Amino acid sequence: MSEPTRSSAEAADAADPLAHVRARFAIPAGTTYLDGNSLGALPAHVPARLKTVIEGEWGTDLVTSWNANGWWELPVRVGDRIGALVGAAPGQVLCGDSTSVQLFQVLTALARLRPDRHTLITDGAGFPTDQYLADSVARLLGLTVVRVSPSDVESVLDDDVALVAFSAVDYRTGERWDAPAITEAVHAAGAVLTWDLAHAAGCMPFGLDEIGADAAVGCSYKYLNGGPGAPAWLYVAQRHQDALDLPLTGWQGHAEPFALEPSYRPAGGIERARVGTPPLLSMTALDAALDVFDDLDMNVVRAKSEALTQLVLDYAAAYLPGVTSATPADPRRRGSQVSLRLEHAYEVTQALIARGVIGDFRAPDLLRLGFAPLYLRHVEVWDALEILRDVLATESWRDPSFARGNAAVT
Ligand SMILES: *Cc1c(COP(=O)(O)O)cnc(C)c1O
């Protein structure tokens, strides 16, 4: 390990192939934003694009916009753009609804692909909504839920396992699982699997087609910067689409939505995953936000992400006594965040926010720092770590205004 310095951080910025991308975002002065894994920053051109859509399309073209301005195709078009960032060929990703709704869709439909099997495997440390929906789908379909860490999945795979649902990156610790190996093991047991890419899409390449994933879901307001409440997305591999029996049979997913038939017939391809009228304004904001990725190589994005998280781990080892990392030291095994384990993590998080360093707290003892590679500079990360060092050394976090109950948890 090389001990980091401010000048090594400056040198990394001078050599950063993504340095120019920061100007595409509106980052507030005086803020070091280490929470892009919760709500990505605003791409600077999004407000103007929304204004055009609101005033020109909605205001002037009105209902003709569904055809004239491409509103009807938007969920497919935006889906394909997201697909390009996660290794999915066109026609397999659809944008819409929330991650929670997409989880319900995918879990139910995958279980229906394996009607003779009765076990659903998920991660007991996974994000709550993923677990709640796994339980609900299991109740609906008469499945048994087995909880296991993704790294131990082989120990519970047998011929009763219908489906497996894991996140690619643990939202709390930032641990990144070996998706290709896990996918292969699940397939070898005859089961199908879905990946939740909430903490992967937009900060690393992901080869959904290449690893042979069956399905995936993800949200768009984290590293994809789609804005608060941006619609989520789902991926279903081409080979499963025709057999896919999705539970939410809305009119927009009908084979002939404007035939107004009394009973449901699914559309061909990924369009059967449409449900009802999508949130056009939010989806437009997301569509515009995705422009920032147009000329970027996700391998370059990932390399910067690794460099930023490495800087944090090296700094903590050198200058933050008593602070440990819940995030793996091996760069291949981490996402784009570092979760530092410390006493009084809640109060420390608040003290940092008061000084312009925005991260978040995850119970019971984690300061979770996310590193969006598109807009962060190494030197501002360095300066934020110096502030953390100062907060810990001076115990300024003891100020009563930072105590629990005085601030909203994000
Ligand atoms: C952020 C996140 C979600 C969010 O779900 P919503 O329905 O969009 O609120 C779901 N799963 C994981 C793993 C997440 O990290």
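## Basis

The model is predicted, so local features need pLDDT of at least 70 and side-chain atom pairs count only at pLDDT 80 or more, while totals for chains, interfaces and linings use all residues. Residues are numbered from 1 along each chain as its sequence is written, and side-chain values use heavy atoms, with hydrogens and water left out.

## Helices α4 and α9

Helix α4 (residues 74–85) packs against helix α9 (residues 280–289) at an angle of about 30°, and their axes are 10 Å apart. Helices (H or I, at least four residues) and strands (E, at least two) are DSSP runs numbered from the N terminus. Axes are lines fitted to C-alpha atoms, for helices over the stretch in contact, and angles run from 0 to 180 degrees between N-to-C directions. The angle makes α4 roughly parallel to α9 (under 35 degrees is roughly parallel, over 145 roughly antiparallel, 65 to 115 roughly perpendicular, and the rest oblique). The crossing of α4 and α9 is left-handed (the near helix is turned anticlockwise from the far one by less than a right angle; clockwise is right-handed).

On the α4 side, the contact (heavy atoms within 4.5 Å) is made by Leu 74, Pro 75, Arg 77, Val 78, Arg 81 and Ile 82. Leu 280, Met 283, Thr 284, Leu 286 and Asp 287 are the contact residues of α9. By class, the contact of α4 with α9 has seven nonpolar residues, one polar and three charged. Ala, Val, Leu, Ile, Met, Phe, Trp, Tyr, Cys and Pro count as nonpolar, Asp, Glu, Lys and Arg as charged, and the others, Gly among them, as polar.

## Helices α10 and α12

The axes of α10 (residues 298–319) and α12 come within 11 Å and cross at roughly 25°. That makes α10 roughly parallel to α12. The crossing of α10 and α12 is right-handed.

From α10, Lys 304, Ala 307, Leu 308, Leu 311, Val 312, Tyr 315 and Tyr 319 meet His 378, Val 381, Trp 382, Leu 385, Glu 386 and Arg 389 of α12. This contact divides into nine nonpolar, one polar and three charged residues.

## Cavity

The structure holds one cavity of 30 Å³ or more. On a 1 Å grid over the protein atoms alone, a cavity is a set of points where a 1.4 Å probe fits but cannot get out; a pocket is an open set with protein on both sides within 12 Å along at least five of seven lines; lining residues have an atom within 4 Å of a point. Grid points are joined across faces, edges and corners, and a volume is the space filled by probe spheres set on the points.

The volume of the largest cavity is about 30 Å³. Its lining consists of Leu 34, Leu 352, Val 357, Leu 369, Ala 384, Leu 385 and Leu 388. Helix α12 (residues 378–394) gives the largest share, three residues. The lining has seven nonpolar residues, no polar and no charged.

The largest pocket holds about 460 Å³ of space. Of its 24 lining residues, Trp 177, Asp 178, Ala 179, Pro 180 and Ala 181 are the closest to its centre. The lining has 13 nonpolar, three polar and eight charged residues.

The second largest pocket holds about 330 Å³. It is lined by 28 residues, of which Thr 99, Phe 127, Thr 129, Asp 130 and Asp 196 lie nearest its centre. Helix α5 gives the largest share of this lining, four residues.

## Backbone features

A cis peptide bond, with omega about 0°, joins Ala 363 and Pro 364. Pro 364 is in the loop between β14 (360–362) and β15 (366–370).

Leu 62 is not a glycine, yet has a positive phi of about 50°. Leu 62 is in the loop between α2 (46–61) and α3 (65–68).
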